[in-house]
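Welcome! Take a look at it first, and then read on.

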Amino acid sequence: MFLTRRLYWALGLVAFVMAAGVKWEPMLGVGQWLFVALFALLAIDALVLYIGARMAAERQCASRFSLGDDNEVRIVVANRSPMALKMEVVDELPPQLQQRDFALKTKLKAREGKTFTYNIRPVERGVYAFGHILLFVSTRMGLAQRRIRTAKPQEVKVYPSFLKLRKYELMAASNNFVEVGLKRVRRAGNNTEFEQVRDYVQGDDYRTINWKATARRNHLMVNSYQDERSQQIFSVIDKGRLMQQSFNGMTLLDHAINAALVLSYVAINKQDKAGLVTFADQMDTFVPADRRPTQMQLMLESLYSQQTTFGDSDYSILCPAVNRLVGKRSFMMLYTNFTDFASLERQLPFLRLFNRYHRLLVVFFEDVELGEFTRTPMHSMEELYQHVVGEKLLYERRLIASTLMQNGIHSLLTSPEQLTVNAINKYLEMKSRQLLV
């Protein structure tokens with residue numbers, strides 16, 4: 001049992017009355033009677049709570065949460081008592097959320113139930129353990145509170161953002177990708193795979209006319225082409241220490257994992273085969289490229305427990321390890337990060353070697369916070385020096401992209417927030433220009 005603030009206020013009032021008895025003696029007797037009455041009311045209140053208060057609560061949520069998205073949790077509370085009760089509902093949230101002041105206050109009539117809804121946005125992958133639901137119940141008298149522990153502890157796994165996959169799946173069904181920033185890319189020429197010979201219709205390109213078929217059929221016939229299919233698309237994710245940098249509460253590794261999943265879904269939807277490679281000081285995860293129905297679930301399970309390391313990634317092992325497992329020239333989208341130009345120079349020979357055997361696209365990140373800092377006004381010489389250093393670091397990011405291009409390596413410099421959309425746009429652009437292999 002817990003004593004409420006109302007009881008302490010009442011005790012303070014009784015103490016004031018008894019203290020007034022020093023000046024006026026009858027007030028001492030009044031204070032004593034008030035103290036006895038208050039004690040009797042407290043006993044009655046506690047007895048009613050322990051005998052008559054019957055409460056139940058249940059937590060309802062999905063068996064797995066989506067990383068970086070709002071996941072709904074419902075708490076259903078039922079008052080099974082024959083009297084109205086006031087209560088404070090405390091859900092024991094997982095330690096990863098670092099939230100210790102979560103409480104919901106409400107009043108329930110006799111035999112009444114109520115449902116509360118709140119959202120959780122996890123920023124770390126792993127197992128999130130909910131505890132019990134605690135109900136701090138009091139009557140209208142409000143002198144005492146009873147704590148009722150209900151609902152069993154519950155574990156929920158946090159996976160990479162599968163909610164984004166559903167979002168893109170719905171957009172694919174409605175062909176409405178423009179809403180999230182995906183661009184329609186105009187093709188420079190014919191696609192690579194011949195599909196069929198068909199009758200000419202107004203608007204067809206004259207360059208696709210099949211003159212031999214036209215002569216045989218005595219009317220215009222054109223060649224029909226389609227996007228080249230069954231190309232292998234691999235998401236190669238760097239798990240080195242540079243991917244530990246945080247943006248909006250999530251590490252760059254988490255942003256890369258979310259983007260890789262959505263890109264793989266889009267690639268499979270485009271009839272390509274999606275695969276996965278993760279590495280740090282060695283290659284530790286490999287999922288062969290495929291487009292079978294279970295491929296996305298396999299990749300989701302493979303990425304569920306990935307964590308960054310505290311050392312630098314070893315790019316020298318990447319190309320030999322991938323070549324042993326991937327015999328066909330493929331499109332490799334490498335998610336990594338470079339802090340300065342010197343970090344690129346160390347890895348450039350290995351990237352050139354990798355690009356020789358596969359089509360390589362290097363995706364690395366802008367420092368958004370640094371960019372915002374350089375746009376703030378300067379008020380001192382020290383801030384001037386800080387801005388100069390910041391501008392130099394931002395320039396080196398652009399120099400890295402230019403250097404990669406000079407070495408025949410495609411690159412994408414993007415903010416973590418726009419990573420998914422920009423990566424898909426780059427993939428679609430390169431696919432339309434026949435640059436995937």
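Please keep in mind that the model you are viewing is predicted.

## The six-stranded sheet

Both strands belong to an open sheet of 6 strands with mixed pairing, in the order S18-S17-S14-S19-S20-S21. Which strands form the edges? They are strand S18 (283-290) and strand S21 (410-414), each of which pairs on one side only. On average, and with direction ignored, neighbouring strands here are turned by 15 degrees against each other.

Helix H10 (residues 381-406) lies across S20 and S21, and runs at about 180 degrees to S20. Helix H11 (residues 419-432) also lies across S20 and S21, together with strand S14 (232-238) and strand S19 (331-335). The direction of H11 is at about 155 degrees to S21.

## The three-stranded sheet

Now turn to another open sheet, in which 3 strands follow the order S3-S11-S8 with mixed pairing. Its edge strands are S3 and S8, and each of them pairs on one side only. Neighbouring strands in this sheet are turned by 35 degrees against each other on average, direction ignored.

How many bridges pair S8 with strand S11? There are 5, and S8 and S11 (residues 154-159) pair in the antiparallel sense. Among the residues involved is Gly126, whose bridge partner in S11 is Val158.

## Aromatic rings and a charge

Searching the whole structure gives 7 aromatic pairs. One of them brings together Phe65 and Phe130: their ring centres are 6.3 Å apart and their planes stand at 90 degrees, so this pair is edge-to-face. Distant parts of the chain are linked here, since Phe65 is in strand S3 (residues 64-66) and Phe130 is in strand S8 (residues 126-130), 65 residues apart. Phe65 counts as buried because its relative accessibility is 1%, and Phe130 counts as buried at 2%.

A further pair is formed by Phe234 and Phe286, with ring centres 5.9 Å apart and planes at 20 degrees, so the two rings are stacked. Phe234 in strand S14 and Phe286 in strand S18 are 52 residues apart, and this pair too links distant parts of the chain.

## Two loop residues with positive phi

Finally, visit two loops. Gln98 sits between strand S5 (85-91) and strand S6 (104-108). Although Gln98 is not a glycine, it has a positive phi of about 50 degrees. With a relative accessible area of 62%, Gln98 is exposed.

Where does Gln271 lie? This residue is in the loop between helix H5 (252-269) and strand S17 (273-279). Gln271 is likewise a residue other than glycine with a positive phi, near 70 degrees. Its relative accessible area is 30%, so Gln271 is partly exposed.

Technical notes. Residues numbered from 1 in each chain as written. Predicted model: local features only at pLDDT ≥ 70, side-chain atom pairs only at ≥ 80, totals over all residues. Heavy atoms only, no water. Pairing = 2+ DSSP bridges. Helix = DSSP H or I, 4+ residues; strand = E, 2+ residues; numbered from the N terminus. Axes fitted to C-alpha atoms, helices over the stretch in contact; angles between N-to-C directions. Contact = heavy atoms within 4.5 Å. Phe/Tyr/Trp six-rings, centres within 6.5 Å; stacked < 30°, edge-to-face > 60°. Buried < 20%, exposed > 50% of the residue type's maximum accessible area, 1.4 Å probe, protein only.
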